[in-house]
Amino acid sequence: MSLRDLSDARFAERYACDRFTATVLANRFRYVVEHMCAQLLTTAFSPILRDFYDFAATVTGAPAANYPTPAVSNSIILFTGTMTDSIRNTIEEYGVQRLQPGDVIVANDPYRTGTHVNDLLFCRPVFADGAVAGFVNLKAHQLDMGGAVPGGFSTTKRTTYENGLVLSPRALYRAREPVRETFSLIFDNVRFAELLLPDMITICANLDLGERLLTETIERYGVAAVHGAIEYVCDASAERIADGLAALPDGEWEGEAVLDADGVDAEERFVVHAKVIKRGDRAEVDLSGTSRQARTSINGTALDAKSTVGTVLKLLFDPRSPFTSGVIRPVDVVLPEGTIVSALPPDGPAFIYWEGTQALLTALLRAFSQVIGAAAFGGDHGSANLHSGFGVHPDGTPWAVVGAAGGEQGPYGATDAGDGEPFAIGTYQANGMSPAIEAIEHDFPVVILRREPIPDTGGAGEHRGGDAIVKDSVWFEPAIHNCISLRFREPSGFGVNGGRDGATGGVWIWEDEADHTRLRPLDAASFAGSTPMTGTLDPRTNAPDPAGEYVWFGRRPVWQTPAGGLLRYLTNGAGGWGDPLARDPERVRVDVRDGFVTVAGAARDYGVVIEGDPERDPEGLVVDGAATERLRRERHGGR
Amino acid sequence: MPHVFPRPSEERLHARRTPAEATCPQCGSADVADYRVLSDGGWWDVRKCQACLHSLSRTPGPMFGSFEPLRPPGA
C-alpha cells in the first residue's frame, strides 16, 4: 500500500505522528541543515568553504534505526549520498556506547567515509532522555591534510601513504572539551594549520547550532514523532524512486564513459561501465566491466559509486524533493571491488574521486537515456577541471588557490524543457558555488582575463547543449599548477534523442615572456606558442581537434608558469537534445545574435541560413526562410 | 579479511554471482544467486532471484566491504 493510501490511523501507528506533523518535521530537518550551512558559509575562513561551498550538512536518525538521513543540505551533491554510510561507519566503529553530550567525532578515511581525506566528517550526537536520538553532521573540505602534495589535489600520488593523513574515527571534542591529542595529530601533519584551526572551531560552533535546533524540535514534538517523521521522509523518497522505476518497461540497458589516463602514463585509459537491470519497481546497477583501479590518486571508493547511483535516481525520477537515504532503497549496486570507482588501499589511493563518479554518472545517464524517452538529458562538461595553484609571495608568505582559476564552471546538457546552461556552477555532481572573480583577484596574484562561451561547441539539438567555457588567467608571480582534467579523450557532453555531442576542450599554458595581459583571440591560430597540458589536439596548431592526438597531462611532474605566464582552460561542451533540424530557426537567429552559434554553425549544424553581421549589427540579423527551407530539405534527403 | 590489497591484474573487473540452489517464491524461477550489494543500510549479502530481482534473503555485510582495519585482538 502506498503512503498516500494509508489511513490516518495506520499512518499514526506507523510513524508516531499525523501526516501534518510529519510534513512539518520534514521541513524542520531541512531548516536545521540549511541553517548550519548558512552560518558556516558566512563564518568560514577558508576560501574553499566560504566561496566554493565545499561542505555539506545532514541530520541523521538514531543508531537503532540504522542511521537514516532525512535531510541533506543544498550543497555539493558529491557529499550527499556518502553521508549516511560515513556517519554509520564512523559512529559504529567509534562505539555508540562511548558517546556523550557535547562530543564531536571526526573521521576522513575514504574507505570508511567516502570522498577524500581532505573532507573531514564532524558528527555531533544529539541526546534525548539519556539516549542518542540522532546526529547533526558536517563534512567540510580542509585546505590540506598532509601527504606528498600541498593541498592534496594531485593525480600523481601512488599509495594511500602519499595521499594524506588518514583519520579513523576519534573524538575531536569530548563533552565539549577539545581533545588535545586529536588536534595535535592533525596539526602536526598538515599544512596551513593556522587556517584549519579557526575553520574547525567554526564548524563545531555550527554543530552546536544544529544540536540546539534538533533538541528544540525533539522537546516540542517528542522523540517518537521525530523518529517517525525521519522514517516517513525516507520511506517517501524510496516510494517515489520505486514509482519512477515501475513506470519504465522491464529491461536491461548499458552505458560507458572513459577517464583519459592516470598519473603514470597515457597507455591505460579507464572505462566505467554500468548496466541497469530493471524489473518491476526495483533495479540493480551492475558495474561489472569497469576498469581496475588506477595506479595513482584518481580513484574513488564504493561509497562514492553508491552516492552517484542515488544522484542519478534523484535526477531522473524525483528531482523536486530533498535527497534522503531512502533514495537508493529500490536499487542494489553490484560492484566488483578494486575498480576505479571502488578502489582499495593501499595501491588504489582515492582522492580525485569525482572524475570517476562523474564518468559513472555519464555511463548511467547514457544507459537510462535508452528507455526514458523525452526525460533523457544531455551530458555536461564532465570534468570538474579542478585547478589548484601555489606559490610564495616576495615576502616569503605562501599562497594557495583551489577551485577558482581552472575550468570548474562549465555547461550543462539540454533537456526536453530547453537549452543547456553554459555558465553552470559546476558539473552535475561537483556543483559548488562559482567564486567571485573579484575575490579571486583580491586574494591571489592572478587576473582572470575572460570567462566566456565559445560558439558552436555546445551539442546541436532542437534544444541546444551549453557551449564550452574558456577561461584565460594571467599569473603575476611564479606559480605551480595542479590541473586535473580527465575527460578530454571523448566528448562528455553526449547528445540524446537525436541531439549531438558537445566538443572537447583542453588546458594550455604560455611560458614565454610576451605580454599576456592583452586578450588573445579564440580561433585555432590563437593556440600558437602555447604548451598544451592536456586535450585531444591538432599537433600542428595545439587547437582542439576530435581527430587529433591525446596529450597526456603527466608529461611534466609539475606545471609552472613564470611571472606573467598565461593559463587557458577550455571545458567540454554539453550535449544537445532532439534533432537540430527541428530547432525553430528564430531561436537559431537569437543564438547567433547572442554569440552561442556562428553564422556558419547555424547553416552547418541547424540548416538555418542567417543573413547579417552578428558583430556589427546583431539586431539586424534575419533568417532567410526560403534558403533555410531548401537547406533543411537537402539535409532530410530531399524529403 | 585483509587491510591491504594489491592492484588487480585483470584490466576489467566483474562482480561474482554464485548460483544458489533455490526457487524464487515470487516468480518461480530457479535462477537464484548469492552475491554482495551496496544499498540503503550499507553492504548486504543477498540471495536474489536473477529473473525478477526479488530478495530471498538479505544479511548485513561487513561495514567496509572487503576492507577491514588491522587491529590487535579485542580492539
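## Overall build of chain A

Chain A contains 15 helices and 24 strands, in what is a predicted model rather than an experimental one. The radius of gyration of chain A is 25 Å, close to the 26 Å that the globule rule gives for 639 residues, so chain A is as compact as a globular protein of that length. Taken along the principal axes, the box filled by the C-alpha atoms of chain A comes to roughly 75 × 65 × 45 Å.

Of its 639 residues, 59% are buried.

## A four-stranded sheet in chain A

Within chain A, 4 strands form an open sheet in the order β14-β13-β17-β21, and the pairing is antiparallel. The edges of this sheet are β14 (398-402) and β21 (559-561) of chain A, each of which pairs on one side only. From one strand to the next, the twist averages 25°.

One of the pairings in this sheet can be followed down to individual residues: strand β13 (residues 386-392) and strand β17 (residues 479-484), both of chain A, run antiparallel and are joined by 5 bridges. Among the residues that take part, G389(A) has H481(A) in β17(A) as its bridge partner.

## The contact between chains A and B

Where the two chains meet, 27 residues of chain B are in contact with 41 residues of chain A. On the side of chain B that touches chain A, at least two residues are supplied by each of β1 (12-13), β3 (32-39) and β4 (42-49) of chain B, and β3(B) gives the most, with 4 residues. By residue type, this side of chain B divides into 16 nonpolar, 6 polar and 5 charged residues.

## Strand pairing across the interface

The two chains are also linked by strand pairing, for strand β11 (residues 290-291) of chain A and β1(B) run antiparallel and are joined by 2 bridges. In this pairing, S291(A) has R12(B) of β1(B) as its bridge partner.

Definitions and conventions
Residues are numbered from 1 along each chain as its sequence is written. Chains are lettered from A and ligands numbered from 1 in the order in which they are written. This is a predicted model: local features need pLDDT of at least 70, side-chain atom pairs count only at pLDDT 80 or more; totals for chains, interfaces and linings use all residues. The radius of gyration is taken over C-alpha atoms; the globule rule is 2.2 Å times the number of residues to the power 0.38. A residue is buried if 20 or more other C-beta atoms lie within 10 Å of its own, exposed if 12 or fewer, and partly exposed in between; C-beta atoms are placed from the backbone. Two residues are in contact if their C-beta atoms, placed from the backbone, lie within 7 Å. Ala, Val, Leu, Ile, Met, Phe, Trp, Tyr, Cys and Pro count as nonpolar, Asp, Glu, Lys and Arg as charged, and the others, Gly among them, as polar. Two strands pair if DSSP finds at least two bridges between them. Axes are lines fitted to C-alpha atoms, for helices over the stretch in contact, and angles run from 0 to 180 degrees between N-to-C directions.
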